[in-house]
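Here are a few notes to read alongside the model. Take them in any order you like.

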Amino acid sequence: MVTVADILVRAGSSSDVRLPLERLAAFVRRESAAPSPLVGRGGIVSDVSRSVIAVRGMSVTARLGDGVLMRCGDGLYRGEVIRVAENHVLVKPFDDRAIPGLGAPVFPDGTLRIAPSLEWKGRVIDALGTPLDGRGPLMPGDAPMPADRAPPAAMRRARVDKGLRTGVNVIDIFVPMCFGQRLGVFAGSGVGKSTLLAMMTKAADFDTVVLALTGERGREVRDMLEDTMAGKLEKTVTVVATGDESPMMRRLAPNTATAIAEYFRDRGENVLLIVDSVTRFAHAAREVAIAAEEPPVSRGYPPSVFSQLPRLLERAGPGLEGGGTITGIYSVLVDGDDHNDPVSDAIRGTLDGHIVLDRRIAAQGRFPAVDIPGSVSRLAQFGWTPEQKKLVTQLRGLIARFEETRDLRAIGAYQSGNDGFLDQAVALVPKIYEAMQQTPDMPVSTDPYNDLAAALRGKENA
């Protein structure tokens with residue numbers, strides 16, 4: 001080690017002392033300005049709360065979204081950096097039960113990456129890619145990818161113009177879908193949206209189904225997988241983050257499911273991606289953003305929530321020209337049956353159509369409880385022939401007239417013969433509603449228009 005005395009001795013006469021001292025001062029300034037090689041290699045916990053953990057010693061190198069490992073007792077628990085300040089970073093653990101003590105070490109662990117493979121079909125995993133079905137470890141693929149990826153460039157994507165059949169009559173007739181379309185199912189709680197989504201997974205046109213159960217009740221997971229989706233699990237990858245898990249897991253689950261769907265799409269497959277529900281993803285994103293000290297701006301939602309929603313939804317859709325597609329179906333839990341709340345409004349403006357489930361229809365015992373006049377597919381023209389489009393337009397007009405005169409007919413003010421169009425609506429719409437009823441245990445419809453024609457002729461459904 002070179003000391004100041006050594007420098008002075010080597011300098012010789014006092015007149016030559018100035019140059020070595022200047023060099024020493026420059027060396028000290030350079031070393032103090034450069035980051036220490038130990039800075040950013042880890043940190044220590046400096047503050048602990050139920051919502052977030054503050055860590056000192058990582059501010060220089062930490063970036064938003066970086067993963068970390070925290071020492072809690074005898075184990076290491078994963079967390080994510082959600083805010084970077086000058087003197088500390090805020091870390092949100094993926095397991096809310098992970099509460100480290102003050103001074104506990106924290107180590108950087110890189111960005112979360114998953115490596116899907118063909119062997120993942122038929123498996124049930126959590127948001128981090130850990131198997132939950134007790135069938136042993138997952139076989140990783142050859143190309144690890146981040147859970148949060150950018151969508152394909154807009155000008156390189158294929159067009160959406162090929163119709164498909166879901167097997168649900170009311171959707172295939174009135175709200176037809178296309179490969180690569182993104183559709184929202186808007187409903188309050190207990191109206192049957194999860195059952196409708198499970199029915200749509202039975203469509204035969206898809207090579208792979210990726211199902212993200214985000215914020216669902218724990219008991220519903222096995223009910224859906226073993227009852228509603230029985231016989232279809234061999235081509236399904238299920239990502240589960242139940243409502244009792246941390247907001248980090250609930251926020252991550254749809255991104256993990258979308259990354260898995262992107263893997264199969266890039267292989268040229270037609271993938272059905274179902275997220276139930278994207279509203280609970282928004283709720284989880286809100287909790288994380290508030291823990292990161294973001295101010296709420298719209299009914300308690302911070303601004304970052306409204307940037308994360310389109311970033312997630314835009315990842316579904318067609319891939320590059322000649323490749324596969326991701327057909328996205330997102331359930332939207334409408335808070336208080338208010339279809340104009342900020343999250344519902346933002347999602348509806350991003351998607352390519354929406355199906356509205358009505359509580360009043362469900363109360364009448366009609367399932368799926370689809371509000372036909374209120375449901376729209378922006379790509380319906382690719383699912384109809386010219387004759388079918390003309391027919392559906394006429395049927396929608398009859399249903400709209402039938403519904404808008406419901407109160408008038410209830411008080412006895414309707415008299416047959418005064419309005420021919422209304423008379424036709426009163427005669428036909430109940431038969432249309434009857435033909436549209438389906439339950440999960442019914443066989444998948446292969447020709448919805450034939451079923452409708454049989455009902456209107458008064459025959460049994462095919």
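Where is Arg 299 found?

1. Arg 299 sits in the loop between α7 and α8. Please bear in mind that this is a predicted model. Arg 299 is not a glycine, yet its phi is positive, at about 50°. Glu 293 lies in the loop between α7 and α8 (303-313) as well, and this non-glycine residue has a positive phi of about 70°. As background, most residues other than glycine have a negative phi.

2. Two cis peptide bonds deserve a look while you have the backbone on screen. One runs from Asp 276 to Ser 277, with omega near 5°. Ser 277 belongs to the loop between β15 (270-276) and α7. The other joins Phe 367 and Pro 368, with omega about -5°, and Pro 368 is in the loop between α10 (359-363) and β19 (376-377). In general, most peptide bonds are trans.

3. Now for α7 itself, and its partner α6. Helix α6 covers residues 247-266 and helix α7 residues 278-291; their axes come within 8 Å and cross at roughly 130°. The two helices are therefore oblique to each other, and the crossing is left-handed. On the α6 side the contact is made by Pro 247, Met 248, Arg 250, Arg 251, Pro 254 and Asn 255, and on the α7 side by Arg 280, Phe 281, Ala 284, Ala 285, Glu 287 and Val 288. Sorted by class, this contact has seven nonpolar, one polar and four charged residues.

4. Leu 428, Lys 431, Ile 432, Ala 435 and Met 436 of α13 meet Asp 451, Leu 452, Ala 455 and Leu 456 of α14. The contact of α13 with α14 has seven nonpolar and two charged residues, and no polar ones.

5. Finally, the domains. The chain is divided into domain 1 (43-110), domain 2 (114-383) and domain 3 (387-457). How many residues of domain 2 are in contact with domain 3? There are 22, and they touch 21 residues of domain 3. The area buried between domain 2 and domain 3 is about 2000 Å², with 59% from carbon and sulfur atoms. Within domain 2, Asn 169, Ile 173 and Phe 174 supply 33% of the area it buries against domain 3, more than any other three residues. The centres of domain 2 and domain 3, taken over C-alpha atoms, are 30 Å apart.

Definitions and conventions
Residues are numbered from 1 along each chain as its sequence is written. This is a predicted model: local features need pLDDT of at least 70, side-chain atom pairs count only at pLDDT 80 or more; totals for chains, interfaces and linings use all residues. Side-chain values use heavy atoms; hydrogens and water are left out. Contact means heavy atoms within 4.5 Å. Helices (H or I, at least four residues) and strands (E, at least two) are DSSP runs, numbered from the N terminus. Ala, Val, Leu, Ile, Met, Phe, Trp, Tyr, Cys and Pro count as nonpolar, Asp, Glu, Lys and Arg as charged, and the others, Gly among them, as polar. Domain bounds come from an automatic or database domain assignment. Buried area is the accessible area (1.4 Å probe) that two parts lose on being put together, summed over both. Axes are lines fitted to C-alpha atoms, for helices over the stretch in contact, and angles run from 0 to 180 degrees between N-to-C directions. Angles under 35 degrees count as roughly parallel, over 145 as roughly antiparallel, 65 to 115 as roughly perpendicular and the rest as oblique. A crossing is left-handed if the near helix is turned anticlockwise from the far one by less than a right angle, and right-handed if clockwise.
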